Amino acid sequence: PRPIELLEKSIKDTKPEREEIQVGESVVHWFKRDLRTFDNKGLRLASEKAKSKNVPLICMFIVSPQDYEAHFTSPARVDFDLRTLEVLKSDLQEKNIPLHTVTIDKRNDVPGHVLEVCGKWGAKHIFCNIEYEVDELRRETKLLKKCLEKGIDFQPVHDDVVVPPGNLASGAGKQYSVYSPWLKAWIKHLHEHPDMLDAAEPPHQNPETAKTKFKDIFEKPIPTAPPSKAIKDAEYKQRLGNIWPAGEHEAQDRLERFTKEKIKNYASSRNLPAANSTSLLSVHLSAGTLAARTAVRAARDSNSSRKLDAGSAGHGTWISEVAWRDFYKHVLANWPYICMFKPFKYEYSDIEWEYNDEHFQRWCEGKTGFPIVDAAMRQCLYMGYIHNRCRMIVASFLAKDLLLDWRLGEKHFMENLIDGDFASNNGGWGFSASTGVDPQPYFRIFNPLLQSEKFDKEGEYIRKWVPELAGMEGNAIHDPYGRGKGKEAEKAGYPKPIVDHKTARARALERYKGGLRRS
Ligand code: FAD
């Protein structure tokens, strides 16, 4: 059985026993990647349980450096989470709800800490929202059993996705591995179960007594970033803070502005990296300062037809993009081996990759001599974010033109993106490298020059991120050493292309074809 099935089975099998457990002296909600008070199912359930007996609700968040290491979490993201915790702590405090935060060095000690503090607080009910990565699912399954041995009811619930995995099966009763039919099923499911989009109310005000009883928790500051994940460069830290204000209020404001001002033109402009036409909500969806459910509901409600499907131009298209996020989480839950650095498609396990450190470094630093690639990679280093079209371009370039193992790129993204999310990142890399679910066939290889001309026609995006080329006129900006004859680029210190696309394409085709496993 898959880890998600084992967890769900444990939840189901232990239900009668757990239902017998009386409310203790407090109820706990364990925050993970759901750092918000609004529309949070686990938190809502915890709040209702606490209210039923008028006992305090206590929230907790555990900073786990080893978990960060295991997921290659970027310092930018750790910083965002910690800034968000400040907002969350103060919001909860207004309702007399304490937020216990702590750093636990060894990830194996996390469950022990949960049990220890719940014992100390006399909590008999703990709620959390489910994360779909393998280690997390296994941890929760074990914790559920341990809790029960101690007479504690631990309830992990589905909240991170709009439709929980396992609800959408193809005609053959299997999980879809292709997005389009999956999307149809996803929309149909939501039309049949519109309540799935209903919002969970924020938590209740808690007894006044909590204020004095948990004074030490209220007064304890939020932990600092573990040394391995601390941002050393003060200017970078400040910049991230300015570009990506943290917390759920910012997420709500951004969502509101997007659905009022930009969503109607999303379908026609979403592929243009210079257009600033996407929502920039990925960090919020990834950290859980915004629920995907809230995002879909807002898009539906801002559309006069109140439809979810793509027929309704911008609104429908945006909803179908948010749905990609659900799709990749379903893929992760159903094919957990993708968490183990394995390609989704077994037949792509044996491709002979190049081992060229210099090429990899040049790709990471945005010095490949391909302006659109360099612009995107520099955007990543500057702001921890890359436009989706450019993520596809740079991923294809790494795996096909440079023929470097796509997992190097996947890791680099996690280590640098502020919105790093295993399922979406792995899905995007698998798609671009043709090794994943619903892949492009391996022989479809992006031509960086054509992509650049089509999606950054005036070179605006390139000019912004590659200042050496800012003065270059006309079409030469896409190809400074070909059309541009190179003089100006050379003078400005812009590098020559590190590969010839035509030759690299032929090499990739040969290697991919030759590396295909037949059985
Ligand atoms: P919008 O266009 O406004 O879309 C709204 C939301 O829908 C996004 O915030 C995101 O949550 C979701 N979404 C949109 N497109 C996709 C997609 N293709 N796959 C999954 N979800 C999507 N997204 C991440 O959140 N984290 C990642 O680590 C990540 N890595 C990626 C790696 C590669 C190689 C590729 C090709 C894509 C990756 N994406 C990732 C998906 C996508 O690029 C970003 O979600 C998007 O660029 C975020 O910008 P936005 O919020 O303005 O998106």
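Let's start with what the record says: UniProt, in an unreviewed entry, places the feature "domain: Photolyase/cryptochrome alpha/beta" at residues 25-162. UniProt positions are given in the numbering used here, feature names are shortened, and annotations may be inferred rather than shown by experiment. In the model, that span is 47% helix and 22% strand, and its end C-alpha atoms sit 33 Å apart. Helices (H or I, at least four residues) and strands (E, at least two) are DSSP runs, numbered from the N terminus.

Two housekeeping points before going on. Residues are numbered from 1 along each chain as its sequence is written. The model is predicted, with local features needing pLDDT of at least 70, side-chain atom pairs counting only at pLDDT 80 or more, and totals for chains, interfaces and linings using all residues.

Now find Lys106, in the loop between β3 (99-103) and α6 (110-120). Is Lys106 buried or exposed? Lys106 counts as exposed because it has 11 C-beta neighbours inside 10 Å; the cut-offs are 20 or more other C-beta atoms within 10 Å for buried, 12 or fewer for exposed, and in between for partly exposed, with C-beta atoms placed from the backbone. Pro65 is 41 residues from Lys106 along the chain, yet their C-alpha atoms are separated by 7.5 Å.

Next come the helix pairs. Two packed helices are described by the angle between their axes and the distance between the axes. Take helix α8 (residues 179-192) and helix α16 (residues 313-334): their axes come within 10 Å and cross at roughly 105°. That makes α8 roughly perpendicular to α16. Here axes are lines fitted to C-alpha atoms, for helices over the stretch in contact, and angles run from 0 to 180 degrees between N-to-C directions. Angles under 35 degrees count as roughly parallel, over 145 as roughly antiparallel, 65 to 115 as roughly perpendicular and the rest as oblique. Tyr179, Trp182, Leu183 and Trp186 of α8 make the contact with Ser320, Ala323, Trp324, Asp326 and Phe327 of α16, where contact means C-beta atoms, placed from the backbone, within 7 Å.

Stay on α16 and look at Asn334. Asn334 counts as partly exposed, with 19 C-beta neighbours inside 10 Å. Which residues does Asn334 contact, leaving aside its neighbours within four places in sequence? They are Arg2, Pro165 and Gln175. Pro165 is 169 residues from Asn334 in sequence, but 7.8 Å away in space, C-alpha to C-alpha.

Phe341 is not a glycine, but has a positive phi of about 65°. Most residues other than glycine have a negative phi, and most peptide bonds are trans. Phe341 is exposed, with 11 other C-beta atoms within 10 Å.

Further along, Lys411 lies in helix α20 (residues 406-416). With 16 C-beta neighbours inside 10 Å, Lys411 is partly exposed. His71 is 340 residues from Lys411 in sequence and 8.7 Å from it in space, C-alpha to C-alpha.

Finally, the axes of helix α19 (residues 388-401) and helix α21 (residues 422-433) come within 8 Å and cross at roughly 60°. So α19 is oblique to α21. Arg391, Met392, Ala395, Ser396 and Ala399 in α19 meet Gly428, Trp429, Ser432 and Ala433 in α21.

Terms used. Two residues are in contact if their C-beta atoms, placed from the backbone, lie within 7 Å.
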